[in-house]
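Hi everyone, thanks for coming. Let me put the structure up so that we can walk through it together.

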Amino acid sequence: MNITKIDLNLLVAFDMLLREKNVTKAANHLGITQPAMSNSLKRLRNLLSDPVLVRTSDGMVATERANSLAPKIRKILLETKEALQTVEDFEPLSSRRVFRLMASDYAASTLLPKLLEHINKIAPNITIDIMTPSDVTFHDVEDGKIDMAINLFDQLPQSFHQKVLWRDGFSCLTRSSNPILENFDLNSYLASKHVWVSKTGFGVGLGMNPKDVQKLGWVDEALASIGKQRDIKIFTRNYHVAMQLAHDDQIIATLPKKAAMIHNENAGYAILDAPFAIPDIELKMIWSPLLHHEPSHIWFRHLVDDVAKQC
């Protein structure tokens with residue numbers, strides 16, 4: 001194949017078509033007409049000798065070859081954007097840059113207050129836009145629309161840069177008047193009622209089932225490994241809600257220790273070590289290759305890392 005005869009804009013069209021699986025939506029994202037995108041799809045089919053997208057009862061579905069090409073072409077596009085982007089000097093004190101973060105409420109509660117304290121001192125004109133995991137997708141991070149995502153991730157695309165900010169253990173949070181404090185062990189823990197809280201990755205979470213241990217996360221998998229199961233009465237994806245419920249009702253919230261320690265000086269709460277072993281979790285920050293060499297981003301992620309070491 002003679003690459004000089006290939007319209008490289010077709011790679012952009014291919015990438016968007018594989019993401020959207022819809023000609024009209026792909027056209028809208030690229031700011032072109034639907035007939036123009038249809039023409040690009042036709043040219044791609046001729047170039048690759050492959051249908052690329054096939055119409056089924058469930059909508060357009062990518063062919064096997066198209067799926068195999070998708071990560072390779074996306075990598076080419078990311079590396080091209082990174083190579084051609086403009087690099088400018090960055091002065092934190094005078095900058096009015098907006099940094100957009102996706103942060104779980106665990107990260108927002110434990111890391112961001114101290115981060116904002118530092119930013120107010122050394123870069124007072126910078127703005128931070130904080131979004132939740134439900135607000136963004138991996139594609140938003142990959143495209144550089146989001147400067148950074150900070151969360152407890154289960155799996156990550158290999159294209160992202162990432163760094164572990166800290167490892168955290170687990171503690172149990174409950175009302176200070178809870179009778180369980182008189183004899184807190186595994187048996188009394190299992191005899192209590194519990195609030196479940198967990199949210200990793202991106203996107204809106206689906207409904208939970210107390211019987212589906214494999215989807216319940218760290219705490220319940222640790223219990224299952226010793227043949228035990230707790231009595232979950234409430235499911236939430238918000239750590240602040242879980243902590244409030246642990247105070248208003250005499251139930252237990254088993255949380256990452258740094259989250260529980262927010263209430264360390266609150267006499268209404270009691271913080272206890274979990275009465276069984278739970279593997280530590282890792283809080284990570286991830287960012288796009290497109291931003292990796294950008295001076296303001298380098299400054300910002302170094303600041304986040306430095307602040308995390310103080311938390």
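Let's start with L173: leaving out residues up to four places away in sequence, L173 touches M243, A246, I251, I252, A253, L255, A260, H263, Y269, A270 and I271, where contact means heavy atoms within 4.5 Å. Before I go on, a word on the model: it is predicted, so local features need pLDDT of at least 70 and side-chain atom pairs count only at pLDDT 80 or more, while totals for chains, interfaces and linings use all residues. Residues are numbered from 1 along each chain as its sequence is written, and side-chain values use heavy atoms, with hydrogens and water left out.

Back to L173. You will find L173 in strand β7, residues 170–175; helices (H or I, at least four residues) and strands (E, at least two) are DSSP runs numbered from the N terminus. Is L173 buried or exposed? L173 is buried, with a relative accessible area of 0%. Here buried means under 20% relative accessible area, exposed means over 50%, and partly exposed is in between, using a 1.4 Å probe and protein chains only. For a sense of distance, take A66, which is 107 residues from L173 along the chain: their C-alpha atoms are separated by 50 Å.

Now the whole chain. It has twelve helices and twelve strands, and its C-alpha atoms fill a box of roughly 80 × 55 × 30 Å along the principal axes. Of its 311 residues, 45% count as buried. Among contacts with a separation of 6 or more, 77% come from residues 24 or more positions apart.

On to the cores. A nonpolar core here is a set of buried Ala, Val, Leu, Ile, Met, Phe, Trp, Tyr and Cys residues joined through side-chain atoms within 4.5 Å. The largest one has 55 residues, and L111, I150, L255, F300 and V304 have the most contacts inside it. Which helix gives the largest share of this core? That is α12, residues 295–308, with six residues. Apart from this core lies another, of 22 residues, including L18, M37, L48 and L53.

I150 is worth a click. Setting aside neighbours within four places in sequence, I150 is in contact with M102, A103, S104, A107, L111, L165, L283, K284, M285 and V304.

S109 sits in helix α5, residues 105–110. S109 is buried too, with a relative accessible area of 17%. With neighbours within four places in sequence left aside, S109 is in contact with H240 and I262.

Next, helix α2, residues 23–30, whose buried residues are V23, A26 and A27. Seen down the axis of α2, these buried residues fall within an arc of 100°, so they line one face of the helix; the arc is that of the directions from the helix axis to the C-beta atoms. They pack against α1 (9–20) and α3.

Finally, the loop between α3 (34–48) and β1 (53–56), where S49 lies. S49 has a positive phi of about 55° although it is not a glycine. V52 lies in the loop between α3 and β1 as well, and V52, also not a glycine, has a positive phi of about 65°.
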